[in-house]
Amino acid sequence: MKTSAERLAALGCAGLVAVTVAGCGSVTDAVKGDSGGKSITLGTRGLTSVLDPAGAYDIGSWLVLANTYQSLLAFPAAASSPSPEAAQSCGFTGGDATEYHCVLRPGQTFSNGHPLSAADVVFSIERSKKIKDPNGPSGLLDTIKSVEAKGDNEVVFHLTAADATLPAKLATPAGAIVDHQVFPADKLLDNDKVVGSGPYKFDSIETMTPEGGGSKVLAKVVLTPNDKYAGDAKLQNSKFTVRYFDKPGDLKDALDKGQVDLVDNSLEPNTAAQLLADQQGGKTDLNVVEGDSSDTNSLVFNTKDATTGNVAVRQAVAQLIDRKALARDVFARTVQPLYSLVPTGITGHNTAFYDKYGDQDVSKAKAILAAAKVPTPVKLNLTSGRSRTGNAEVDTLKRQLEAGGLFQVTTQVENDPTAYQKGRNEGKYQAYLVGWTADYPDPDNFIGPLVAADSVFHSGWEDERVSQKLLPEGLKQADRGGAAATYNQVQSILADSAPLIPLYQNKAFYVARRYVTGVETTVDSTGVFRFWDIGRNTK
């Protein structure tokens with residue numbers, strides 16, 4: 001998934017513009033819940049600008065879209081596989097995972113009262129693939145050759161190749177169902193005109209113009225219950241507002257002043273760690289919820305480079321990294337060491353890199369380089385993008401790699417996310433730090449996009465055992481639990497060749513005022529923040 005930083009760089013806050021969404025007035029009674037007058041405001045740093053699913057592919061937009069649009073399927077709390085949402089049933093019709101059939105719940109409507117039918121599902125998928133917005137999620141739909149409606153309530157997907165991850169993809173906002181009577185077929189719809197069929201509808205939107213000009217981005221989105229919603233969510237609030245912040249300090253100030261009721265996983269690590277310590281010591285009236293996160297961070301090598309193209313150099317680096325020190329000294333234990341591309345809590349997680357390299361060992365690294373006749377110290381350039389820890393992460397890795405005099409490391413920090421992404425794409429860096437937020441909780445999404453020939457990390461590495469045999473084999477297995485053995489084989493190959501090295505997995509820290517309820521139930525590895533679970537204890 002594209003991070004907010006990749007879409008929006010160095011934004012400031014000026015020039016708020018309020019827009020009331022047509023046809024979306026306030027309501028006082030929540031849908032299928034006991035909410036009374038319980039209004040909730042969430043603060044986040046997940047900046048974004050688009051609320052049309054065909055053009056939205058970042059954390060900040062999906063945060064809202066998952067609560068305002070329906071897909072055929074959705075991920076229940078803490079689930080590793082999706083369940084029907086707008087559909088009443090879905091399944092592959094053959095043993096080769098190339099045809100997928102769904103039956104919709106009857107009698108559903110969008111928030112504007114228009115009926116939701118199979119024709120809208122077909123329109124939504126075809127529209128996203130046709131628009132193919134460079135900032136949109138259409139790439140997740142590439143294996144769909146065609147989709148057809150059979151009557152008002154049945155949809156059949158025909159795939160170009162086996163893709164057992166299709167249900168998970170359809171459960172994301174990439175599979176969001178839009179109203180074919182409202183959304184144009186060949187271009188994005190303005191934010192003030194969008195409608196969905198999810199638990200909430202859009203009430204009003206405020207935008208802000210970045211300092212120095214540029215396109216407007218979202219500053220505030222106000223949502224109210226959609227009384228036309230026919231799904232299973234039971235709302236515990238009567239209004240949900242999302243406020244966007246560029247700077248972590250501004251977000252923390254808003255929390256301290258009571259301008260927001262809770263914040264998502266957007267605070268700086270040391271701030272979150274201190275708040276957790278204060279809570280444990282009874283020194284704060286804030287409640288810190290530590291939950292699962294599937295966000296991962298890795299050190300990636302440009303394998304086309306003369307130095308980092310040498311597998312012995314990459315293996316020596318893997319032997320010198322001390323993940324425990326990174327988690328403790330740099331991130332104040334707000335992350336956990338990771339020895340697998342697939343994070344803890346996801347099918348396919350293992351300890352392949354620990355099994356291969358164990359803990360930091362200078363003597364083993366020295367032996368690896370000596371056996372390959374690599375002169376030392378090896379000169380290595382290490383690049384990082386803008387980090388929530390400043391330069392601490394890259395500086396710590398430099399010290400670790402220079403232990404024993406085996407490497408001479410030059411560090412570079414590229415604070416412009418666009419320039420950093422461009423540099424990776426063009427192969428300008430030898431070794432670089434990259435984070436990954438998966439689109440859905442499936443092992444393939446933590447491995448395939450990162451190591452395929454057209455890897456989003458642009459390492460230049462390819463192994464035909466992985467790209468031609470194991471990854472396609474994994475996509476044929478409709479039983480995703482049974483696919484773990486295949487992805488374990490992939491990770492063993494990756495540990496041996498080390499084109500990238502998993503470093504750590506983020507923990508999620510949501511901070512809320514004491515009266516906020518339900519946070520614990522919605523912080524999990526699915527990556528879906530369920531607004532409807534959040535309530536306000538008025539007692």
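**View 1. The end of helix α8 and the residue after it.** A332, with a positive phi near 50°, follows α8. The model shown is predicted.

**View 2. Buried residues of α8 and their packing.** Helix α8 spans residues 323-330, and its buried residues are R323, A325, L326, A327 and V330. These buried residues pack against the helices α6 (269-280), α9 (352-357) and α11 (392-401), and against the strands β15 (335-337) and β19 (500-506). The helix lies across β15 and β19, at about 165° to β15.

**View 3. The open sheet of 6 strands.** The strand order is β15-β19-β14-β18-β16-β17, with mixed pairing. On average, neighbouring strands are turned by 30° against each other, direction ignored. Strand β14 (residues 296-301) runs antiparallel to β19 and is joined to it by 5 bridges; L299 stands opposite I501 in β19. Helix α11 lies across β16 (378-385), β17, β18 (431-436) and β19, and runs at about 170° to β17.

**View 4. Aromatic pairs.** The whole structure contains 15 aromatic pairs. In one of them, the ring centres of Y420 and Y429 are 5.6 Å apart and the planes are at 35°, so the pair is tilted. Y420 and Y429 are both buried. R424 lies over the face of Y420, 4.7 Å from the ring centre. Elsewhere, ring pairs link Y200, F240, Y510, F529 and F531 into a cluster.

Note on methods
Residues numbered from 1 in each chain as written. Predicted model: local features only at pLDDT ≥ 70, side-chain atom pairs only at ≥ 80, totals over all residues. Heavy atoms only, no water. Phe/Tyr/Trp six-rings, centres within 6.5 Å; stacked < 30°, edge-to-face > 60°. Buried < 20%, exposed > 50% of the residue type's maximum accessible area, 1.4 Å probe, protein only. Lys NZ or Arg CZ within 6 Å of the ring centre and 35° of its normal. Helix = DSSP H or I, 4+ residues; strand = E, 2+ residues; numbered from the N terminus. Contact = heavy atoms within 4.5 Å. Pairing = 2+ DSSP bridges. Axes fitted to C-alpha atoms, helices over the stretch in contact; angles between N-to-C directions.
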